[in-house]
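Here's a quick tour for anyone meeting this structure for the very first time. Take a look, then read on.

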Amino acid sequence: MKLRTYPIRFVFLLLVGLIALFFAQSWILEGKGHDPRSLHIIKSYVLNLIMALIVFFAIYIFRNKYRDLLGFFFLGGSLLKFTLFFIFLYPSYILDGTLERLEFLVFFVPYGFALVLETYFLVKLLNTV
């Protein structure tokens, strides 16, 4: 895989994967009698999409200048994602006093997918730098 095709491949896989997961998770939630919109599923997927793009492109842009710090960019991006979760999603999830497993999974499924994809591309990128 050529280095300059990494951004295109990352964005393509991220979009296709998150769209497929969104529809699969929405379908499963609706099949179990839950309203995906009340669980803020759209906000969760958009938040994870934007953050994954920011983290990836920060790593990609600074790959030569801050070669030794790329792992910290990656970890900082994960910390930022969880911080944004607690700012934007957590308050609406704990209105009833608890964070249910279902509410957590609405955030964690796209987060986990994006994390695996970012890790894969970071490893590929580090092997070429």
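Start with a pair: helix 3 and helix 4 lie roughly antiparallel to each other, since angles over 145 degrees count that way and their axes cross at roughly 170 degrees. Keep in mind that this is a predicted model.

**Where helix 3 meets helix 4**
- The two axes come within 12 Å.
- On the helix 3 side, the contact includes Leu70, Phe74, Phe82 and Tyr93.
- Helix 4 brings in Val106, Phe107, Tyr111 and Leu122, among others.
- Sorted by type, the residues of this contact come out as 13 nonpolar, two polar and three charged.

**More on helix 4**
- Helix 4 runs over residues 101-128, and its 28 residues reach 39 Å from the first C-alpha to the last, close to the expected 40 Å.
- There's a bend of about 30 degrees at Phe108, with a proline, Pro110, following within four residues.
- Pro110 is also one of the buried residues of helix 4, along with Glu103, Gly112 and Phe121, among others.
- What covers those buried residues includes helix 1 (6-31), helix 2 (41-61) and helix 3 (70-93).

**Over to helix 1**
- With 26 residues, helix 1 spans 37 Å between its end C-alphas, close to the 38 Å expected.
- Its buried residues include Tyr6, Pro7, Phe10, Gln25 and Leu29.
- Helix 2 and helix 4 are among what covers the buried residues of helix 1.
- Just past the end of helix 1, Gly33 has a positive phi of about 85 degrees.

Technical notes:
Residues numbered from 1 in each chain as written. Predicted model: local features only at pLDDT ≥ 70, side-chain atom pairs only at ≥ 80, totals over all residues. Heavy atoms only, no water. Helix = DSSP H or I, 4+ residues; strand = E, 2+ residues; numbered from the N terminus. Expected span 1.5 Å × (residues − 1). Bend = angle between axes of the 7 residues up to and from the residue. Buried < 20%, exposed > 50% of the residue type's maximum accessible area, 1.4 Å probe, protein only. Contact = heavy atoms within 4.5 Å. Axes fitted to C-alpha atoms, helices over the stretch in contact; angles between N-to-C directions. Parallel < 35°, antiparallel > 145°, perpendicular 65-115°, else oblique. Nonpolar A, V, L, I, M, F, W, Y, C, P; charged D, E, K, R; others polar.
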